[in-house]
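Please look over the sequence and the structure shown here, and then read the report that accompanies them.

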Amino acid sequence: MIKKNVNYGLFRKRLIPFVFLVRTFNMLLMVSMIPFSLNALPELQQKNVTGKVTDSNNNTLPGVNVVVKGTSIGLTTGIDGNYSISVPSSGSVLSFSFIGYATREITVGNQSEINVLLLENLKDIGEIVVVGYGTQKKSDVSGAVASFKTENIQRMPPLNIIQSMQGNVAGLNITQTSSSAEGNSISVQIRGQNSITANNAPLIILDGVPYAGQLSEINPVEIASIEILKDASSAAIYGARAANGVIIMTTKKGNIGKPRITYDSYYGIEQIAHLPDMMGGPTFYDRKVECFGESILTQTEIASHNSGTYTDWVDLATRTGSRHQQNISISGGNEKTNYYISGTYNNIKGIAINDNFSRYNLRTNIETAITDWLSFGTNTTMGFFDRSGEPANFSEAFVMNPLAVPYQADGKSLTLYPWPEDTGFLNPLEPVKYINENNSRQIVTNNYLLVKLPFVKGLSYKINTGYTFRNSISENYKGRDTQSGYEKSGVSYVGNNYYVDWIVENIVNYQREFGKHSIFLTGLYSAQQTTSKSHSVSAEGFPNDVMTYYQPNKALLITPSSSYTKTAYISQMFRANYTYNSRYLLTLTARRDGYSAFGEMNKFGIFPSIALGWNLHSEGFMSAYSSWLNKMKIRISYGSNGNQAIGAYSTLPRLSSLNYLGENHSTSIGFYPSVLGDPSLNWETTKSLNTGLDFGFLKSRIQGSIDVFFSHTYDLLLDKTISSVNGTTTIRQNIGETINRGFELQVSSINVAKNNFKWTTDVSLSKYHNEILNVGLTDSTGKYIDDIGNRWFVGKPVDVNFGYVLEGIWQADDDIANSYMPAANPGDVKIKDVNKDGAITTDDRTIIGSLVPSYTLGITNIFIYKNFTFTFFVYALQGITRRNTLIELSPWNYRHQTLDIEFWTPENRNNSYPRNYMASTVNPYSAGFLENASFFRLKDITFSYQFPKNLLDRLNINRIECYINAKNLGTLTKWQGLDPELNSQAAIPLTRTFIFGIRLEL
Amino acid sequence: MKKSIYILFILGILTVFSACNEKDFLEEHPKDDIYADNLFVDYDGFKNVLNSLKAMVAQERTELAGSFELSLPMKIGVDNGWANYTYNSLDGFNTYGVALNPEYPPLGTIFNWLYRAVNTSNMIISRAENPKIKWKGQTSEENEYNKNIILAQAKLIRAWAYRHLTYCFGAVPLSLKEVTGETYRNDWERTPVSEVQLQMEEDLLFAEQYLPENYSDVTIPPKAVAQHYLAELYLAMNDPVRAEEKAQTVANNPNFSLCTVRYGKKATQPGVPFMDQFYDGNVLPSEGNHEVLWVLLNEPDVVGAINNVMRRTWINRYYSFATVSAEYGGRGIGRAAFTRWAHNLYEATDDRFSQYAIAKSYKKTTDGSTVLTRVKAEVKNDTYWPSTKKWDWTHPEITRVSEDPQFGDQAYIRLAETYLLLAEAQLKNGHPELAVTWINKIRKRSNATAITATSVTLNYILDERSRELLTEEHRRYTLARTGTLITRTKLYNPISAGIQNFHALWPIPQTIIDANTGKPLEQNEGYN
């Protein structure tokens, strides 16, 4: 038999470029070395062995591969490090392997309990990470690459994979911009914002292939690992698409061993987390009369008030929601083939009535060695996503007149004109009546062949293909029980979308060690094409409502529309990694990208980068500190990446439609020139510098990393304002520059590690600050100037609050007549005279507060006591000021209600809110009411229990785990709106969720 | 065996690497959009672009710049029009206060709208000279005719746009060529009004030459429109002789005459001849209207329909006490009203002051009692101020009676206005005795007392224009052309009494000045 630790390295080097999944790596490797003859051993008496695997610090090791040598019997240790395995005979040999630890083999003999101590493999310390087009040892990585611990997904089951990462990865800024059952309105940014107008979202790579679908359609259960490439060097392999960073997701693979069946299910209820304190019926009535007198009231309002029937529209539009999941997966494998098959059903009924989302995912991942030099793999998923049903119109429900009438006399049918005197108002509940179907079906399949070329040692080739097909259909009918359906005798819409994307990547890897020199070269040539087509028909005016949206042929007015978009990419990439003596690391990368939407004159761009790393702890002079300092790596990288922020055809001059009528009033199609083309248009470029330090103290009980970055983005795609004498007011050009800098800290610590009790803490802290350098506008001296119309200010962050500053309220004893606002009355708002020129002019508008957080913090604490685990996660965003749009003064002459603020009165003076009077004089400059939108949020609490091993063994079950998870339990904030994180304050509220789940493994 | 598979692989790789021609692969072939180069190839393509130009003319009565008729700013802040309701977007035009400044948003919208029309016309005019265009005629004469009928319309509308531009902003950059991504300019200069007028004259003369004599094809305006505008242009250029000549040609054209007897859809219902020409179904020449020179086509529930808001703009908010109905003309929000002076300008017998022309009363929803409209001092938010009924229109479907836009045909230019231009020219040429005949034709039709030649003065003609063309004409332009804008506005419109001499022109929008980085663009006097 071959000695493991000798061959380990050799095999690893061959396999690394090909195998994506880290956890199965050791397993595969080990079993592939076992002589086939062992397979033929006769079945002897079955024997059960249990035990616990620990490390030298007496920490339990979960996830250790335990395999009976020469068989396909195998499993991994549980979260407590325990295992229980049946072996064929007392002659069986158990092999324990774990990444970063030396593999041990123990002959069973007559032991029934085998506790194993695994020693850290010093030569191979640390984990292996996916770096794109290959994997690398973490210790060899020279760029800023963060790994997201996917155990969090199990611990706090999210609906959306991205949701689970919020606050957990330093430098990854995730904001839930609006709430819905599907929960997919999430803004994702790596290291904040570089671009002004273009997308700042990172590139997502799923199983090696760019993922363009919705993040809510990825099933989190299927994800095995997530890596975040943050700096220019690590992301440079994706060139023109990498300026916003890259998130690499890899799905699960089977482990060697008998088929393992896992059942993962939960059920939860959802409630409204918080509602703003709106006026409500009686207060609204009082305020309205106080402001305008009773003469402004309409008959409907008087009747509602007299009968005391006030309507809480938000209450009528919401319910207690629910969410549940059923997941079954089967995984396993032998030395030649491994498989992972998973089926999941999710159903969410949101807190908004009719806001539903169902998701069905089926995934099949198989990898098989055809010969010893050729293997084939597939990662294929099919999904069905049902988004049918329209929730009520919340932006209207929040502010709708509470004296308007929701239901007709029968108490059930919705009113078509809830406020008959003001026919412009729709019933906010009306969308619930729409007949709506909205379904998508998607297949994403990634297939590859690996060839180990025998001519040159260390050389291999992989052809990696991806194919995505997606079809969506959306159908809607507004019948005569809705306002527009009533007025127009039915309104229908049917839309079909068809999306196909293919990619072919040729990847060549060469990896060898020459003494102390280690090199790893990667070359890529790839082509990708995306085609998107849509056809839709809107129609109105039907004989009846019976055939809903199946009757456009009977409509009075039919408006079809179609679109077609095709984009193509060609890319070449070369990456060289060089390591000397495991101490000095160098990475050079260059990618050349061609993209069809770039201008005729600039189809290709080249994006180079360099990174250096130094494993300081390996140096001899550091051994003096090794008692407390076991890891110290310094990294530095510099490079440029692109943001291909332009869509198809945007460099071409375009015509817009403007139709008219001709003979007999029939349609006459018309076009006019609307967009000027610029054939030189190209990508935005970000050059960035990153310096990082990875550290590990006290035998890595405390470990983490610090990164500092600085980036400069230029050639920003901005719509330059041009004189409309040219027929159009803007032309899109590569002008403008921003800079962005920040720092990130990620620390994990094992606070307590006793036999029965373990407490760990993970902290991630990040901060960034961006600044506009220029937006392509100069004054007569050539100095860069602000674009006030677009709220872009040189030297200020990209997003700002800009306007008049509301300083307070004029009081009766102020000398108003001699002030800079002589026309004001007591109780009117006092605007700050920012430039102190004794008058309020447009120059007194200024930047107020900040929309960029001063820091983002996430803290996860995990307590494990025997079989109990308790986790809680706190997320904080601090230093943000935002305008609260729910505070408006006599909005629309009290046709809407607002937040229940305490108005200034001569008797009850305050300095925050003005008197209740016509808006134009009280707040003549429409100054906004800004509030502190910082918050601390208790995002997740989980309490879980693992059933004891001895009990489960009797039932022949590997694992049963039950848990209770509560999300969004509480928020500490001064914000008076709906929620400081949401964009719109009159929208579906955030939810508080309580989940009960069970995980069972056979 | 093994070896051959290797070779196969290597060949495969080579194929993938070489088979892909990068240039072809990355070339864009949009299929869902049309581009100038593949549109301007034949007669049909030119007609398509012309359709959008005509729609731009019709946009004059849509809500492009706020919830009011886009040309409302040319009709208020003058002697006979004011904005009744508190609506900030109209304050500058209504009161000539600080709101009328270079950053006033509607100004930019109006400026952009007109230059869009200029550039669209320029594109047609520039590209029509391409010899490869297929004009789809059977003979070379037909080809020539097709080309010229396209050019005539494009030039008519270009002159229409420059008419608006010179009256609103004075000297404006004169752009006559197609602009592309490579040729766009940031160094425009303001061309003196007199030079722009020469270009308008050239364009209108071309249009006069090639447009049809009559209005039998309602999609092509007759040459009378070009002549009408020429008459007005010559008056502005202080050339009353040629103005009279052009207006006289229109007046002599046998295809056009005033509608003096009841006709059409409501002929059997009580009414007056003057109002018949405003009812949908009576507007087109084919429907019996021989007075209309230029029509804005419209039709409900058709692609290409224009969201016209004349009624929404001009009908008062009677909905606050009476139920919205077709009889009352539909729902309005009273953005604007005629002034008390304009209301009091009529004699009692004048059909243009009858209950068919001006809303006199409503039935109250609550108790059915009659509410009379009335004028008094102009104070904003007056729901009892009477409205014109020229723009009454509701959707035939009764459930849609409250809809905002209207979709009926409307007259854009009527012969009556040409008569009044003719009278003005004749007066200037020292022939009040000729002028009075045209004025009396108009007055007689509406049952107003005939006047004598001695009564004919410029002021009288301006008063008559108000009586006849109330809410139709660009009153601001008429008063500016005759040099009476300031005096008459101060005299007759208390809301707009703050008007000063420099208000005869609006400021050039600041965005236009700011964007002209290559050369300073002068602001109009009084707005710096």
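The report below describes a predicted model, taking up a sheet, a surface patch, aromatic pairs and salt bridges in turn.

**A sheet in chain A**

In chain A, 4 strands come together as an open sheet in which the order is 3-2-5-6 and the pairing is antiparallel. Strand 3 (74–76) and strand 6 (104–107) of chain A stand at the edges, and because each has a single partner strand, one side of each is left without a neighbour in the sheet. From one strand to the next, the twist averages 20°. Within this order, strand 2 (residues 65–68) and strand 5 (residues 93–97) of chain A run antiparallel and are joined by 4 bridges. As an example of the pairing, V68(A) has L94(A), in strand 5 of chain A, as its bridge partner.

Another isoleucine, I998(A), is part of strand 50 (residues 991–1001) of chain A and is partly exposed, with a relative accessible area of 26%. Although I998(A) and Q946(A) are 52 residues apart along the chain, their C-alpha atoms are separated by 9.8 Å.

**Aromatic pairs**

Over all chains, the count comes to 64 aromatic pairs. In one of them, F93(B) and W506(B) are tilted, with 4.9 Å from centre to centre and 50° between the planes. Because F93(B) lies in helix 5 (residues 88–95) of chain B, and W506(B) in the loop between helix 18 (485–492) and helix 19 (510–515) of chain B, the pair ties together parts that are 413 residues apart in sequence. Both F93(B) and W506(B) are buried.

F206(B) and Y210(B) also form a tilted pair, with ring centres 4.7 Å apart and planes at 45°. These two residues are 4 residues apart in helix 8 (residues 193–210) of chain B, so about one helical turn separates F206(B) from Y210(B). Is each of the two residues buried or partly exposed? F206(B) has a relative accessible area of 17% and is buried, whereas Y210(B), at 28% relative accessibility, counts as partly exposed.

In chain A, ring pairs also build a cluster, which links F757(A), W759(A), F863(A), F868(A), F870(A), F872(A), F943(A), Y945(A) and F947(A).

**Salt bridges**

| Residues in the salt bridge | N to O distance |
|---|---|
| E290(A) and R287(A) | 3.3 Å |
| K136(B) and D44(B) | 2.6 Å |
| R481(B) and E424(B) | 2.5 Å |

The pair in chain A sits within one element: E290(A) and R287(A) are 3 residues apart in helix 5 (residues 281–292) of chain A, so they are separated by about one helical turn. E290(A) is partly exposed, its relative accessible area being 44%.

K136(B) and D44(B), which form a salt bridge, join two elements of chain B. Since K136(B) lies in the loop between helix 6 (105–127) and helix 7 (140–169) of chain B, and D44(B) in helix 4 (residues 43–58) of chain B, the pair ties together parts that are 92 residues apart in sequence. K136(B) counts as partly exposed at 48% relative accessibility, and D44(B) likewise counts as partly exposed at 32% relative accessibility.

The side chains of R481(B) and E424(B) also meet in a salt bridge. R481(B) lies in helix 17 (residues 475–481) of chain B and E424(B) in helix 14 (residues 415–428) of chain B, so this pair ties together parts that are 57 residues apart in sequence. R481(B) counts as buried at 13% relative accessibility, and E424(B), at 2% relative accessibility, counts as buried too.

Finally, salt bridges in chain B link E291(B), E347(B), D350(B), R352(B), K390(B), R414(B), R443(B), R445(B), E464(B), R467(B), E468(B) and E472(B) in a network.

Methods
Residues numbered from 1 in each chain as written. Chains lettered and ligands numbered in written order. Predicted model: local features only at pLDDT ≥ 70, side-chain atom pairs only at ≥ 80, totals over all residues. Heavy atoms only, no water. Pairing = 2+ DSSP bridges. Axes fitted to C-alpha atoms, helices over the stretch in contact; angles between N-to-C directions. Phe/Tyr/Trp six-rings, centres within 6.5 Å; stacked < 30°, edge-to-face > 60°. Buried < 20%, exposed > 50% of the residue type's maximum accessible area, 1.4 Å probe, protein only. Salt bridge = Lys/Arg side-chain N within 4 Å of Asp/Glu carboxyl O.
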